[in-house]
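Please keep the view below at hand while reading.

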Amino acid sequence: MRSSRWFLGLLTVVIVGGFLAWQAPRWAGQPALDEAAAQPRPIAVRGELAADEKATIELFERSKASVVYISTTARVLDLFVTNNHVVMNAAGARVRLNDGRDYSATLVGASPVHDLAVLRITVAHRRPPPLPIGTSADLKVGQKAFAIGNPFGLDWSLTTGIVSALDRALPDEDGKGVLEHMIQTDAAINPGNSGGPLLDSSGRLIGINSAIFSPSGAYAGIGFAVPVDTVNRVVPQLIAQGKYVRPVLGIEIDEQLNQLITQQAGLKGVVILKVSPESPAAAAGLRGAKLGPDGRIIPGDIITAVDGKPVDGVSRLLSRLDEHRVGDTVKLTVRRNGKDVEIPITLNAGA
């Protein structure tokens, strides 16, 4: 407390001292300055705003009405996309529009593996305009990024930065899974930004702000957003079915066993432990692992790539499959008996 008081006292002296020096000292017995010297200083005229400043202001003015303030209670016909972790434990949620109108919201659907959720409110008139949708597949590191949200409850705040990295992976909210293909940005993202839009310089949605990486829990220059290509693929299913149905191969896999077996084999990939009967994997002739006479697991097929994209573990395989829809045909690269084999397989709907 002593050092804190000293700092405040010093700050006061510096400020008052500076003010007195500028205004000229006036002690007891000295005459007041003339009236002209006591007037406010004239305002300096500034020139036009810079082109990038005008563009940023226009982007915010054009986009802010499409961003809402979501509050949840207890644990917790327009649709709003937000993060699953914002609403996953909520008993209820409310949505406040930019013009101050407030509505009770219902949860339409959620996908924890993508950290996405859809809320519904009923707005009779003056509905908020939807944000234009961009793409995330062609994003470049270094291009500008703009985040709008409600950090620490400070509603409709704009922060700017760049796309810092692409295709990042980070643990999900409960630490049991991995969020793949995340956009990394240095636009300030803090608690309260979750579910808000990440925009490109044209004001198009390129991501849904999701998480920060910070030991203190506050902005540290590293934020993450769910890419809009994922949003555009997952949200229609959430609206239509209330859940996301993952495309699957029809195989049994396990992360811990996979790490053990691939390390022993000196390979990177996903070991097929078992092939489900009457599954796409069975129809394609994929082979599962076997138990040897000595009790050791003898690997069957090991998936090393999907459509030519490397697979180095279970989470990466699921992510590669998640880039497709149920009914799509993909080409698996499989390590079988020491040789690489390419096998086409049609994806089925997961449970």
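In this predicted model, Leu-199 is in contact, beyond its neighbours within four places in sequence, with Leu-59, Ser-63, Leu-131, Lys-144, Ala-145, Phe-146, Ile-148, Arg-204, Leu-205 and Ile-206. Leu-199 is also among the residues with the most contacts inside the largest nonpolar core, a group of 25 residues.

**Nonpolar cores**

- Besides Leu-199, the residues with the most contacts inside the largest nonpolar core are Leu-116, Met-182, Leu-205, Ile-208, Val-226 and Val-231.
- At least two residues of this core come from each of the elements α2 (51-63), β5 (116-121), β6 (144-149), β8 (178-185), β10 (205-212), β11 (223-227) and α4, and α4 gives the most, with five residues.

**Salt bridges**

- Side chains of opposite charge can pair when their charged atoms come close, and the structure holds 17 salt bridges.
- Arg-94 forms one of them with Asp-102, where the closest N and O atoms are 2.4 Å apart; Arg-94 is partly exposed at a relative accessible area of 35%, and Asp-102 is partly exposed at 38%.
- Asp-322 forms a salt bridge with Arg-233, with the closest N and O atoms 3.4 Å apart, and this pair links distant parts of the chain, since Asp-322 lies in helix α7 (residues 314-322) and Arg-233 in helix α4 (residues 228-241), 89 residues apart.
- Glu-323 forms a salt bridge with Arg-320, the closest N and O atoms lying 3.6 Å apart; here Glu-323 is partly exposed, with a relative accessible area of 27%, whereas Arg-320 is buried, with 11%.
- Salt bridges that share partners also join Asp-99, Arg-101 and Arg-126 into one network.

**The surroundings of Arg-336**

- Arg-336 lies in strand β20 (residues 329-336) and counts as buried, because its relative accessibility is 15%.
- A polar atom of the Arg-336 side chain lies 3.2 Å from the backbone oxygen of Gly-285.
- Apart from its neighbours within four places in sequence, Arg-336 is in contact with Gly-285, Leu-286, Arg-287, Asp-301, Val-341 and Ile-343.

**Aromatic rings**

- A pair of aromatic rings is described by the distance of the centres and the angle of the planes.
- The count comes to one aromatic pair, formed by Tyr-69 and Trp-156, which is tilted, with 6.5 Å from centre to centre and 35° between the planes.
- Tyr-69 and Trp-156 are both buried.

Definitions and conventions: Residues numbered from 1 in each chain as written. Predicted model: local features only at pLDDT ≥ 70, side-chain atom pairs only at ≥ 80, totals over all residues. Heavy atoms only, no water. Helix = DSSP H or I, 4+ residues; strand = E, 2+ residues; numbered from the N terminus. Buried < 20%, exposed > 50% of the residue type's maximum accessible area, 1.4 Å probe, protein only. Polar contact = N/O pair within 3.5 Å; in protein donor to acceptor, adjacent residues only side chain to side chain. Contact = heavy atoms within 4.5 Å. Salt bridge = Lys/Arg side-chain N within 4 Å of Asp/Glu carboxyl O. Core = buried A, V, L, I, M, F, W, Y, C linked by side-chain atoms within 4.5 Å. Phe/Tyr/Trp six-rings, centres within 6.5 Å; stacked < 30°, edge-to-face > 60°.
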